[in-house]
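Please take a moment with the sequence and the model before reading on. The briefing that follows moves from single elements to the contacts between chains.

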Amino acid sequence: MKPKPLNRVQKLWRTATASRWVRIAFTVVVAVVLAVIPLVSSKSINGQLSTMAVYAVAILGLSIMMGYAGQVSLGQSAFLGFGAYIAAYGVNQNWPVPVIFLACLAIPALAGLLVALAAARLRGLALAMVTIALPIIGIPLAKRFSDFTGGSVGTTVSWMKVPDWAAGFLANDQWRYYVVFVIAGLLFVIGRNLVKGRIGRAFAILKENEAVAIAMGVSPYRYKVLAFTIASMFGGAAGFLYLVVYQYTSPETLSFHVSINMVASMVIGGSGSILGALLGGVYYQLVPVIAGQIDPSSTALISGAILLLVLFLVPGGIVSLPRRILQVSRHARRRIGRSATTQNPPDRALAPAATSPESTEKSERKRQGHDELP
Amino acid sequence: MALFIQLIVEGLATGSIYGALALAIVLVNRATGMINFAQGAMAVLSTFVAFALAQAGVPLLLAFLIAFAFAFLFGAAVERVIIRRFEKGDPDTAVVVTIGLFVLIGGIAAAFFGYEPQQFPSLFPLDSVNILGASVSVRSLGIIIVLVIVMVLLQLLFRTTKLGLAMRSVADNPESSALSGLPVSRLLMIGWGLASLLGAIAGVLVAPQLFVSPGMLDFVLVYALAAAILGGLDSPVGAVVAAWIIGVVENLAGAYVDFIGNDLKIAVPFVVMIIILIVRPQGLFGRKVVVRV
């Protein structure tokens, strides 16, 4: 079968994105816009944008585990909270910032590795159950070890203030915005490289079929452990960024509902997509705000309805929306074309464009069939 | 000794509540191969129906019966309208669908009844009786007895009726059942309706103790999921036994191990669950699934 002829918009899009330079220019424009925004916007908008970046990182980790490797996790909030607590402890002990950051990557990753070594023996939903247990166990533990965590009140820190050399022209919130966005950007590059490479291909086959994965020499156990460890590491890094933005953390950060909302945001943004994780972060922060303005008591109602609508209409998430619209409109156009030809045959001459690709396809198929005959 | 008996009976009673919801989860899993994270939220909505009726002056037992009927129809409707589209698809998507339902139904309950916890009338008197020197509340005994009756009825339904036979056959092999002329989709609706009804029973049993609010069953659901997984996901008896074990172990560990105390006892069943699953990944009563390529 011949590939379908592209319409003009698609052709334009293909040529535009195929060029390396266009892509680089696009990235530069986005980077410049993101760099200028904090200078011209208000403190609260800077805070909100930074929060989006925080959750985008956590959701990226979740997406690597769920979207790419196909292992359901409902415990990402545990690693977010864990990272935030480690950062808070580091700040209180006057550790240097790079040490705190590395600790926020390494300790949650190690914890994730230990959990995964045991849990990855399980299949599918049993694994999801073990991950649910993490926030449920985490909250009472956080309350119990109040020397480290400040108990149920939580712990407040004061750090990541704007350094002296920049104090003249940047406020604290602007400096924190830049810190968060630079680190989040780096983490996204790392995440992208992980899923585009050998590991990403192994995840894809693990998601598709474990038996096939074994046959191809990809150990499901090892790659499940790896996916879980990576997700925990991103969760911990997001916890570090969380403490940069909020300067505060409490057992609420670990809450099971945070995990549920992150899963919902990831699916709505686009599961198994780097851009989708970014959109998920935006959604996570934005929708409660918007829903709260419409009617604060029905936030849950609205976000649940949005999630189900997305699953029904755009299963690939917002990121697949342009493709999905094209698909639906092409489908609709073909149906209109077909009904036009069947209902009033004289119109056929007026709508050749809609019918011709199909008829050529059909004749082609017939020809192939002939070739196959002995 | 008196305290010990009391702890065990109370543990069995809370375990029975987890067990009722765990039975619902197992039922849905056997019928459609899904784990329904919205099972608790659906139960809460039905409990709210009973609550509203009782507030309006309907006799308590009648209010419960109407709420159970509502639960059955609601469960069947959810299967027909939403779940059906995702039954044959990717299991991960199905999980996310039920998570969406969990959020949505919780939101519906909150929109109608608010987030404020409210007192719920109890079916059982507040007295306690004396068993071997320990005073045990009638409520706890009542809950245990109700669960045992429910389990017996379910077994009778599945083992002795034609409907039960048909439902088992659909759970076993939907394609062959359809070819033998069973109305598979209607049976799946009935399965979801029954599960929702079981959830409603758990809801009205636990509501006097927890007060009704949209998040009332969130923790019960997590325990019920643990019990269902521990029991092996396809075994109703396993789910109930696991739920009882969870309830009792949690109570005893909270009372007798100083380090655990009242705040950390919630972690005990999960640690036990993780250890058991590592030793027996198929659960206590589950069959080992053999994957054929």
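In which sense do strand β1 (residues 128-131) of chain B and strand β2 (residues 134-137) of chain B pair, and over how many bridges? The two strands pair in the antiparallel sense, over four bridges, where pairing requires that DSSP finds at least two bridges between the strands. This is a predicted model, in which local features need pLDDT of at least 70 and side-chain atom pairs count only at pLDDT 80 or more, while totals for chains, interfaces and linings use all residues. Residues are numbered from 1 along each chain as its sequence is written, and chains are lettered from A and ligands numbered from 1 in the order in which they are written.

**Chain B as a whole**
- Chain B has twelve helices and two strands, with helices (H or I, at least four residues) and strands (E, at least two) taken as DSSP runs numbered from the N terminus.
- The order of its elements from the N terminus on is α-α-α-α-β-β-α-α-α-α-α-α-α-α.
- Chain B is as compact as a globular protein of its length, because its radius of gyration of 19 Å is close to the 19 Å that the globule rule gives for 293 residues; the radius is taken over C-alpha atoms, and the rule is 2.2 Å times the number of residues to the power 0.38.
- Of the 293 residues of chain B, 47% count as buried, a residue being buried if 20 or more other C-beta atoms, placed from the backbone, lie within 10 Å of its own, exposed if 12 or fewer do, and partly exposed in between.

- β1(B) and β2(B) form a hairpin with two residues between them, and Leu132(B) in the turn has a positive phi of about 50°.
- Within this pair of strands, Ser128(B) stands opposite Ser137(B) in β2(B).
- In helix α5(B), the buried residues are Arg139(B), Ser140(B), Ile143(B), Leu147(B) and Val150(B), and what covers them includes α1 (2-32), β2 and α8 (184-210) of chain B.

**Where the chains meet**
- In chain B, 33 residues are in contact with 36 residues of chain A, contact meaning that the C-beta atoms of two residues, placed from the backbone, lie within 7 Å.
- The largest share of the side of chain B that touches chain A, 15 residues, comes from α4(B).
- By class, that side of chain B has 26 nonpolar, four polar and three charged residues, where Ala, Val, Leu, Ile, Met, Phe, Trp, Tyr, Cys and Pro count as nonpolar, Asp, Glu, Lys and Arg as charged, and the others, Gly among them, as polar.

**Inside chain A and the nonpolar core**
- Helix α8 (residues 172-196) of chain A has 25 residues and reaches 36 Å from its first C-alpha to its last, close to the 36 Å expected when the span is taken as 1.5 Å times one less than the number of residues.
- The buried residues of α8(A) include Val180(A) and Ala184(A), and Leu241(A) touches both Val180(A) and Ala184(A).
- Of the 201 residues in the largest nonpolar core, Val57(A), Leu241(A), Ala22(B), Ala224(B) and Ala227(B) touch the most other members; such a core is a set of buried Ala, Val, Leu, Ile, Met, Phe, Trp, Tyr and Cys residues joined through C-beta atoms within 7 Å.
- Tyr85(A) lies in helix α4 (residues 76-92) of chain A and counts as buried because it has 29 C-beta neighbours inside 10 Å.

Notes:
Lists of a residue's contacts leave out its neighbours within four places in sequence.
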